[in-house]
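Subject: Structure handover

Hello,

Here is the structure for your work.

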Amino acid sequence: MNTVSARAVSEFLNALSRGIELDRSAISDQFRNNPDLVSSFSDLSATLTRWKQKDRERSALLESASELIRVRDTKKLLQKLVDRARTLIGCDIAYLSQYYPETNDLRVQASRGAISTKLKTLRVPPGIGLAGQVVHDRAAHWTSNYDLTSLPHERRVDSAVSAERMESLLGVPMVVDGEVLGALFAANRYPHDFTSDEITLLSALADHASVVLKTARLMGELADAARASAEAEESAAARASTLRRLVEVEEQLTQLVLQGHGVSAVLDVTSEMLDAALVVIESGRLDSPNFPNDEAFFDGLKVKKADINSALKHSRETGRSAQVAGAEQLFAASVVTHRRQHSGLFVRFNGDPADGDANIVAQAAQSLALIRMNEQARADADNRVRGELAVDIIAGTRPLSELEARSRTETFSLAGPWHLMTIQANTEADDRIVARLTRIEPRILITQRSPGITVLIPSSVRKERPTLASLFKESAALDSSLVIVSETEYPRAQLNNAENEMWSCIRILNSLGIYMGLYPTEDFAPYTAMFGSAPEQVERFMDNMLGPLHRWDRGHSADLTSTLREYFESGMNIRRTASRMSVHVNTVKQRLERADLVLGEEWRAPEMSFRLQVALRLDKLRSSL
């Protein structure tokens, strides 16, 4: 067995903690007799290096966002963004081109790393080169060898590219409200395949540059209007005041987001600014057939659901707020996250809205969307931990102490025992179900399996909240789902088998045509024991046992199947069977004799009788659920 010095390991860990990057050769020299340790140290060093790079990128983006608020010099800020792009991506050249719709061309406004004057004065005609493709598609484009691209070339553009000796080139669009304002580029003087992280980072910086150009354009338009005529001075002053107010609002809302405040803080600040009542309504409530009549916020307003949906659709398409038809003091704005979950922000003004108030509503919606995205990112990370814990607890392959260290929770114990819940739903609804269940009870653990979702409920939580299953059902989180819940408490060692049995129960119900509802697993324990390993055999078993009876009943308008079911449930007593079916005793005797002909007299034998009773109970179960 190869051993290593604890002192050597300690020295390497100290070096990593101080931020010293260790290459594989240095590690190999020290631990050449332990290749596993060499690989582990190499992976750890590479991971820490990636984390530091990600941290530098996030810090740079936050600094850039802060500069959007503080700096008013457009040219200076664009140059800063270009410099930052070149530094973060590590490219040879970075430059920004502004799009001029009147001439349909791109003109370089800021650059860093250029060695000739051609790039600084470059104008790219419409549709030419990679830049033209970026503007046309409004999407990122890149190439590892510019000369080999099949895009349209032009002499002056090729000359500028050649003068800078560009080979690999990445371009991302600068778009605001659906309008192309320009493009941001990163280039190298050597072949290079751009990574998704580099494309994402350059796109984020392009978004910041878009804000700068958009603000500059608004200010320019305001200045032009003021100079156009003396008659427009009062209007221009009003627009300037409105713009200043919008900038102040944007600064305040941006600070709320950057400081980590929640939805309520944005609503409170916006309500005070606008002298209005605000409410955010989630997509599920928006889709309710009773909306908006069941919302007290709309009391006294004669608005139609179709008009509200139309306003929200317009907001989603334009990125702006919209007045709701039929209500002059009611505005709506879509709050859209990266998961395309469309909530609605509604603003009910106490008086007539002032100039710019509609823009403030849109800004508030955008801030809410950013907060929601941050919350979703944190929730996703939390759910990943929950899922990993649930998988390891069920598998039972890791010590409990390790799992407790990972969970970092003191609200409940991972030692168990546990209640289980298995959920089969549309895969598109899995994220919605997970979010709603964890909102109802944060202490549950959830993992997504290939058939659906498995939920672990600590026994202590179930005892504290005995109506938890009812709360889940009443929340509508499990609508259109098939849910199996356990009333039994399982120690950790039994979880794996219990989960398998519950998924077998779901497959058995599926074989009976049941795909919705909430049922306790204990009700189906006999069938799970019989068919758990082969649920697909249920239908075949039922057909083999009951097929002759069904065919006889259909062909003769008879009722042999229900007669045999009542006969068995009456303890094979003919008089009780007749009473339960409200027929004469002789009628029951005749039907049983007919069953002798259809099934053969051996159906009364113990083994055959048992199989027949199971099939009849499954048939009744399929009919009743």
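This is a predicted model: local features need pLDDT of at least 70, side-chain atom pairs count only at pLDDT 80 or more; totals for chains, interfaces and linings use all residues.

Cavities

Searching the whole structure gives four cavities of 30 Å³ or more. Two or more lining residues come from each of β1 (93–100), α5 (129–137) and α6 (155–164). Sorted by class, the lining of the largest cavity holds 14 nonpolar and two polar residues, with no charged ones.

The second largest cavity holds about 60 Å³ of space. Arg565, Phe568, Glu569, Gln613, Leu616 and Arg617 line this second cavity. Helices α20 (560–569) and α23 (606–624) are the elements that each supply two or more of its lining residues. Here the classes are two nonpolar, one polar and three charged residues.

Helix pair

Helix α21 (residues 574–581) and helix α22 (residues 585–599) have axes that come within 8 Å and cross at roughly 110 degrees. Angles of 65 to 115 degrees count as roughly perpendicular, so α21 is roughly perpendicular to α22. On the α21 side, the contact involves Ile574, Arg575, Thr577, Ala578 and Met581. They meet Val585, Val588, Lys589, Arg591 and Leu592 of α22. Taken by class, the residues of this contact are six nonpolar, one polar and three charged.

Regards

Key
Residues are numbered from 1 along each chain as its sequence is written. Side-chain values use heavy atoms; hydrogens and water are left out. On a 1 Å grid over the protein atoms alone, a cavity is a set of points where a 1.4 Å probe fits but cannot get out, and a pocket is an open set with protein on both sides within 12 Å along at least five of seven lines; lining residues have an atom within 4 Å of a point. Grid points are joined across faces, edges and corners, and a volume is the space filled by probe spheres set on the points. Helices (H or I, at least four residues) and strands (E, at least two) are DSSP runs, numbered from the N terminus. Ala, Val, Leu, Ile, Met, Phe, Trp, Tyr, Cys and Pro count as nonpolar, Asp, Glu, Lys and Arg as charged, and the others, Gly among them, as polar. Axes are lines fitted to C-alpha atoms, for helices over the stretch in contact, and angles run from 0 to 180 degrees between N-to-C directions. Angles under 35 degrees count as roughly parallel, over 145 as roughly antiparallel, 65 to 115 as roughly perpendicular and the rest as oblique. Contact means heavy atoms within 4.5 Å.
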